Amino acid sequence: MWPDPRVVEFVNDNFIPARVHVKDDSALFQKYGEKYNAQWTPTILMLDPSGEERHRIEGFLPNDDFLAQLMLGRAQIAFAEQKWDEAERRFREIVEQFPDTDAAPEALYWAGVAPYKGTHDAV
C-alpha cells in the first residue's frame with residue numbers, strides 16, 4: 001500500500017492496519033466516514049485500543065513527513081494511555097529522526113509535557 005519500506009515496517013510494527021476503500025465498499029466507507037468525520041481520501045486515522053481517534057492525517061505527504069506523522073500518532077496513543085516514559089521517548093524520536101518535518105515542533109512540545117504529566121499532574 002505504501003511505497004516506502006520504512007512506512008510499511010512502522011505501520012506493521014505499531015498498528016493493526018485496516019483499509020476502507022471508497023469504491024470497493026462504499027457502505028462501510030460511509031459508516032466510518034460519518035463516525036470519524038472523514039470527509040475525503042486519503043484520511044489516515046490512528047485509534048487507540050478502545051477505538052478513540054488519537055491522531056489523523058489528511059491528504060498526501062512526502063515520505064519523511066508521513067512517517068513523522070505516523071510516529072506522532074503512536075506517541076499520542078502512548079500519551080493517552082498515560083505511559084509517560086514511552087510517550088516522551090516516542091516524541092523525542094520524532095525530533096531526533098525528523099527535525100525538519102512539521103511534526104517535530106509538536107513532538108518537542110509533547111516531549112516536555114509527558115514527564116510533567118508523569119510527576120506533577122494535579123488531576
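This is a predicted model: local features need pLDDT of at least 70, side-chain atom pairs count only at pLDDT 80 or more; totals for chains, interfaces and linings use all residues.

From α4 come W84, A87, E88, F91, R92, I94 and V95, and they meet A103, A104, A107, L108, W110, A111, A114, P115, K117 and G118 of α5. Sorted by class, the residues of this contact comprise 13 nonpolar, one polar and three charged. Helix α4 covers residues 84-97 and helix α5 covers residues 103-120. Their axes come within 8 Å and cross at roughly 160 degrees. Angles over 145 degrees count as roughly antiparallel, and α4 and α5 are therefore roughly antiparallel to each other. The crossing of these two helices is left-handed.

Helix α5 also has a contact with helix α3, which spans residues 63-80. How do the axes of α3 and α5 cross? They come within 11 Å and cross at roughly 15 degrees. An angle under 35 degrees counts as roughly parallel, so α3 and α5 are roughly parallel to each other. Their crossing is left-handed. On the α3 side the contact is made by A68, Q69, L72, Q76 and F79, and on the α5 side by A103, E106, A107, W110, V113, A114 and K117. Eight of the residues in this contact are nonpolar, two are polar and two are charged. Some residues of α5 take part in the contact with α4 and in the contact with α3; W110 is one of them.

The side chain of H55 makes a polar contact with the side chain of Q69, at 2.7 Å. Is H55 buried or exposed? Its relative accessible area is 9%; the cut-off for buried is under 20%, so H55 is buried. Leaving aside neighbours within four places in sequence, H55 is in contact with I44, L45, M46, Q69, L72, G73 and Q76. Among these, Q69, L72 and Q76 belong to the α3 side of the contact with α5.

M46 is also touched by F15. F15 lies in the loop between α1 (5-14) and α2 (26-36). With a relative accessible area of 18%, F15 is buried. Not counting residues up to four places away in sequence, F15 touches F10, M46, L70, R74 and I77. The C-alpha atoms of F15 and E58 are separated by 18 Å, and these two residues are 43 apart along the chain.

The last topic is the backbone. Most residues other than glycine have a negative phi, and most peptide bonds are trans. Which peptide bond is cis? The bond from T41 to P42 is cis, with omega near -5 degrees. P42 is found in the loop between α2 and β1 (43-47). N37 has its place in the loop between α2 and β1 as well. Phi of N37 is near 55 degrees, a positive value in a residue other than glycine. N37 is partly exposed, with a relative accessible area of 48%. Q82 also has a positive phi, near 60 degrees. The place of Q82 is in the loop between α3 and α4. The relative accessibility of Q82 is 55%; the cut-off for exposed is over 50%, so Q82 counts as exposed.

Terms used
Residues are numbered from 1 along each chain as its sequence is written. Side-chain values use heavy atoms; hydrogens and water are left out. Axes are lines fitted to C-alpha atoms, for helices over the stretch in contact, and angles run from 0 to 180 degrees between N-to-C directions. Helices (H or I, at least four residues) and strands (E, at least two) are DSSP runs, numbered from the N terminus. Angles under 35 degrees count as roughly parallel, over 145 as roughly antiparallel, 65 to 115 as roughly perpendicular and the rest as oblique. A crossing is left-handed if the near helix is turned anticlockwise from the far one by less than a right angle, and right-handed if clockwise. Contact means heavy atoms within 4.5 Å. Ala, Val, Leu, Ile, Met, Phe, Trp, Tyr, Cys and Pro count as nonpolar, Asp, Glu, Lys and Arg as charged, and the others, Gly among them, as polar. Buried means under 20% relative accessible area, exposed over 50%, partly exposed in between (1.4 Å probe, protein chains only). A polar contact is a pair of N or O atoms within 3.5 Å; within protein, one must be able to donate a hydrogen and the other to accept it, and residues adjacent in sequence count only if both atoms are side-chain atoms.
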